Amino acid sequence: MKTLASTTSRRLADRKIEKFQKNITKRGSVPETTVKKGNGYPVGPVVLGFFIFVVIGSSLFQIIRTATSGGMA
């Protein structure tokens with residue numbers, strides 16, 4: 001009965017050793033990036049839309065203000 005237990009543990013040990021040896025041979029062949037790339041936007045579409053709205057809105061407001069003051073503002 002002890003031989004069965006030692007055989008099983010030996011098989012498990014052999015598997016661990018084999019896994020370790022495979023990892024050793026894989027060293028240096030790691031992919032360049034391991035992080036998956038998202039949709040490419042670092043901010044959400046709502047924040048981006050709000051930023052564009054503020055920039056375009058302020059520029060339009062400045063154009064209208066300059067036009068109504070006769071170009072002196």
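Predicted model: local features only at pLDDT ≥ 70, side-chain atom pairs only at ≥ 80, totals over all residues.
Residues are numbered from 1 along each chain as its sequence is written, and side-chain values use heavy atoms, with hydrogens and water left out.

**Overall build**
- The protein comes to two helices and zero strands, where helices (H or I, at least four residues) and strands (E, at least two) are DSSP runs numbered from the N terminus.
- Of its 73 residues, 0% count as buried, a term that means under 20% relative accessible area, with exposed set at over 50% and partly exposed in between (1.4 Å probe, protein chains only).
- The accessible surface is about 7300 Å², and 67% of this belongs to carbon and sulfur atoms; such areas come from the Shrake-Rupley method with a 1.4 Å probe, and for residues only the protein chains shown count as cover.

- One salt bridge is found in the whole structure, the term being a side-chain nitrogen of Lys or Arg within 4 Å of a carboxyl oxygen of Asp or Glu.
- The salt bridge joins the side chains of Arg-10 and Asp-14 at 3.4 Å, N to O, and both residues lie in helix H1 (residues 2-26), four residues apart, about one turn of the helix.
- Asp-14 counts as partly exposed because its relative accessibility is 35%.

**Helix H2 and the record**
- The end C-alpha atoms of H2 are 34 Å apart, which agrees with the 34 Å that its 24 residues should span at 1.5 Å a residue, the expected span being 1.5 Å times one less than the number of residues.
- Phe-51 lies in helix H2 (residues 45-68) and counts as exposed because its relative accessibility is 54%.
- An unreviewed UniProt entry places a "transmembrane region" at residues 43-64, and over these residues the chain is 91% helix and 0% strand.

Note on methods. UniProt positions renumbered as here; feature names shortened; annotations may be inferred.
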